[in-house]
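Trainee: Could we walk through this model together, starting with one of its helices?
Mentor: Gladly, have a look at it first.

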Amino acid sequence: MSLQQLYVALLIAGVVLLASIMFTRAADRVGLPSLLLFLAVGVAIGNDGLGLDFSDVQLASDLGTAALAVILVEGGLTTRFSDIRRLLAPAGVLATVGVGVSMAVVAVGAHLLLGMNWQLSFLLGAIVSPTDAAAVFSILRVLPLPRRVAGLLEAESGFNDAPAAIVVLMLSTTPLVVDPLTAIGGVVYELAAGTAIGLAVGFAGAFALRRAALPASGLYPLATFGLAMVAFAAAGTAHASGFIAAYLSGVVLANSGLPHRAAIRSFAEGLGWLAQIGLFVLLGLLVSPSQLPRELMPALIIGAVLLLLSRPLSVVASLVWFKVPWREQIFLSWAGLRGAVPIVLATFPIVEGVPYSFRLLNIVFILVVVYTVVQGPSLGPLAHSLRLVPRDSTRELQVEAAPLDVLDAELLTMTVQPGSRLHNVSVLELRLPDPSVITLIIRKGETFVPQPDTRITIGDELLIVTTTTTRTAAERRLRAVSRRGKLAYWFDEYGDAD
């Protein structure tokens, strides 16, 4: 490549990147994962658009796998262990038993309704069964859901890529010969070894970084992300699951009290966005729109089986042992978003030379696009109709401020809803746990610093600074007073989460 060609390639890449970033705002307004717009950009500049030729499935598969690792690392580094600690068992069952149930139901549907052979049917079932980490993180983190619901979905999306990828690779051999005992042993080994490597790298890296004196604060995000990618690569080298290792190492590192956590989180989110944009544009380039119409009806049929039958059955079969309320099960069934993961997994059998496997890529591409348009915007209204969005919920604000990081502080915001008993309670009477404090109140578009005798009113937006250790207590106090007033404790109301 000449220097001039390099300049042209960088110019095109920069324009595509900036256009994709600008499009995310439009996607957020309508509640759609940005992946749809990134896919559209890839399609627009591909063979049937501006004519950029890209048909290297092997390269797309390799780059897609690396991008998924980056997205999972970002998901791990932005996950609070306190949110998923009690959800590890149900999330683990959803990510294993749930994937198995979903795969079987979709496979039977594909075989009976579309006439696919059993190998392609089970491949399709395994490909579309896992929820997508990027889609889940981008949609659910803007919804003030109860922590157990959002945490369960996030943990499931972080865990279920690994078993799905293992099964897809096992089913991609030609001719297909599967020994059940060998297959089960292989899955158990890959998951167990990947988990062990991810935890080992995470704890060892956290131990080292807490005691290291790096010459610049900017090196800490690089070192943290680098450690998680080492876990991914080490697990892959050991023929274990790199996906589970990447996610778990990120979770451990993010919850080990490392310095400069705000910078680490922002750096991870930036790399995660870059990986998403590059991945989705690449996958959009790989698909030829002229070949999609013939697979439209099969994709709609399989999508309906997945959305209305497979996903609900997998949720019920997985969570029946954990006494999850039916309202939450309904939401979990509908919120099984698909995105980049199924499309990347669909490239595996193509690379392995499975006959007619390119058809799976087209079906999965249509399925992801159509059903993301259906599911994405509906999650907010569904959560409200199921009464899963607490009226007195707080949302975390990401603030790039060194004092907050140094003080181990967090900034929360809460809007006082109609009917809240916070109305007419003074700041002093609220009695937030020390050192939590209401720093600003936004009332009717005006901002002011409250005094101890300032009374809170309906419609106020409160900005609260608290510490990591007192955040839970502060949220409980806010919920308690919102429900029963300033004498909430007298009525045995302690603000337990819904």
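**Helix α11 and beyond**

Trainee: How far apart are the end C-alpha atoms of helix α11 (residues 219–237), and what span should its 19 residues have?
Mentor: The expected span of a helix is 1.5 Å times one less than its number of residues. For the 19 residues of α11, at 1.5 Å a residue, that should come to 27 Å, and the distance between the end C-alpha atoms agrees, being 26 Å. Helices here are DSSP runs of H or I with at least four residues, strands are runs of E with at least two, and both are numbered from the N terminus.

Mentor: Before we go on, a word on the source: this is a predicted model, where local features need pLDDT of at least 70, side-chain atom pairs count only at pLDDT 80 or more, and totals for chains, interfaces and linings use all residues. Residues are numbered from 1 along each chain as its sequence is written, and side-chain values use heavy atoms, with hydrogens and water left out.

Trainee: Which residues of α11 are buried, and how wide an arc do they cover around the axis?
Mentor: Buried means under 20% relative accessible area, exposed over 50%, and partly exposed in between (1.4 Å probe, protein chains only). In α11 the buried residues are Y220, P221, T224, F225, A228, A231, F232 and A235. They lie on the same side of α11, because the arc, taken from the directions from the helix axis to the C-beta atoms, is only 135°.

Trainee: What do the buried residues of α11 pack against?
Mentor: Contact means heavy atoms within 4.5 Å. By that criterion, the partners are α3 (57–77), α10 (180–211), α12 and α13 (261–286).

Trainee: How are helix α16 (residues 340–351) and helix α17 (residues 358–375) oriented to each other?
Mentor: Axes are lines fitted to C-alpha atoms, for helices over the stretch in contact, and angles run from 0 to 180 degrees between N-to-C directions. The two helices pack at about 175°, with their axes 8 Å apart. Angles under 35 degrees count as roughly parallel, over 145 as roughly antiparallel, 65 to 115 as roughly perpendicular and the rest as oblique. That makes α16 and α17 roughly antiparallel.

Trainee: Which residues of α16 meet which residues of α17?
Mentor: On the α16 side they are P342, I343, A346, P349 and I350. Their partners in α17 are F358, L360, L361, V364, F365 and V368.

Trainee: And how do α8 and α12 lie to each other?
Mentor: Helix α8 (residues 147–159) and helix α12 (residues 242–254) pack at an angle of about 140°, with their axes 8 Å apart. The two are therefore oblique.

Trainee: Is S318 buried or exposed, and which residues does S318 touch?
Mentor: S318 lies in helix α14 (residues 296–319) and counts as buried, at 0% relative accessibility. Its C-alpha atom is separated by 5.4 Å from that of L94, 224 residues apart along the chain. Not counting residues up to four places away in sequence, S318 touches V93, L94, V97 and G98.

Trainee: Where is the residue K323, and is K323 buried or exposed?
Mentor: K323 sits in the loop between α14 and α15 (326–334). Its phi is positive, about 55°, although K323 is not a glycine. With a relative accessible area of 78%, K323 is exposed.

Trainee: Which residues does a cis peptide bond join?
Mentor: Most peptide bonds are trans. Here omega is about 10° for the cis bond joining D434 and P435.
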